[in-house]
Amino acid sequence: KAKPGSKIEKINKVDNVHFVVWVKEWPDKGKANLAITRLLAGYFGIAPSLVKIISGQTSKTKIFEIS
């Protein structure tokens, strides 16, 4: 679940496959999606190129693939 336009950036793990991600960027021209990708990559300790958005480009509920 994406929370764009937040004052802070953080990740809250709900369970093994669900996360709530707060990012500062607004959902304008994919900026929030890119910020979520970078934040997830940092959380898992992998390169951002290994995090891909599968569905939900324009929705707050998104599905990412972590390679």
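Predicted model: local features only at pLDDT ≥ 70, side-chain atom pairs only at ≥ 80, totals over all residues.

Analyst: A salt bridge is a side-chain nitrogen of Lys or Arg within 4 Å of a carboxyl oxygen of Asp or Glu. Residues are numbered from 1 along each chain as its sequence is written, and side-chain values use heavy atoms, with hydrogens and water left out.

User: Which side chains meet in the salt bridge, and at what N to O distance?

Analyst: The partners are E25 and R38, with 3.9 Å from N to O. To place them, note that helices (H or I, at least four residues) and strands (E, at least two) are DSSP runs, numbered from the N terminus. E25 belongs to the loop between strand 3 and helix 1 and R38 to helix 1, so the bridge ties together parts that are 13 residues apart in sequence.

User: Are E25 and R38 buried or exposed, or something in between?

Analyst: Buried means under 20% relative accessible area, exposed over 50%, and partly exposed in between, using a 1.4 Å probe and protein chains only. E25, at 25%, is partly exposed, and R38, at 43%, is partly exposed as well.

User: How should I read K62, for which no salt bridge is found?

Analyst: For charge, Lys and Arg count as positive and Asp and Glu as negative, whereas His and the chain ends are not counted. K62 is buried, and its nearest side chain of opposite charge, E25, is 12 Å away. K62 is located in the loop between strand 4 (51–55) and strand 5 (63–66).

User: What polar contact joins the side chain of K62 to another side chain, and which backbone oxygen does the K62 side chain reach?

Analyst: A polar contact is a pair of N or O atoms within 3.5 Å; within protein, one must be able to donate a hydrogen and the other to accept it, and residues adjacent in sequence count only if both atoms are side-chain atoms. The side chains of K62 and N33 are joined at 2.8 Å. The K62 side chain also reaches the backbone oxygen of Q57 at 3.4 Å.

User: Which residues are in contact with K62, and where does N33 lie?

Analyst: Contact means heavy atoms within 4.5 Å. With neighbours within four places in sequence left aside, K62 is in contact with A2, N33, I36, I53, S55, G56 and Q57. N33 is part of helix 1 and is buried at 14% relative accessible area. Under the same exclusion of sequence neighbours, N33 is in contact with I53, Q57 and K62.

User: How is an aromatic pair described, and how many does the search find?

Analyst: A pair of aromatic rings is described by the distance of the centres and the angle of the planes. Rings of Phe, Tyr and Trp (its six-membered ring) pair if their centres lie within 6.5 Å; planes under 30 degrees apart count as stacked, over 60 as edge-to-face and the rest as tilted. Three such pairs are found in the whole structure. One of them is F19 with Y43, edge-to-face at 5.7 Å centre to centre and 75° between the planes. F19 lies in strand 3 (residues 19–22) and Y43 in helix 1 (residues 31–44), so this pair ties together parts that are 24 residues apart in sequence. Y43 and F44 have ring centres 5.0 Å apart and planes at 90°, so they too are edge-to-face.

User: What do these ring pairs link together, and how accessible are F19, Y43 and F44?

Analyst: The ring pairs link F19, Y43 and F44 into a cluster. F19 is buried at 16% relative accessibility, Y43 is partly exposed at 41%, and F44 is partly exposed at 37%.

User: Which charge lies over the face of W22?

Analyst: A charge sits over a ring if NZ of Lys or CZ of Arg is within 6 Å of the ring centre and within 35 degrees of the ring normal. Here K10 lies over the face of W22, 4.6 Å from the ring centre.
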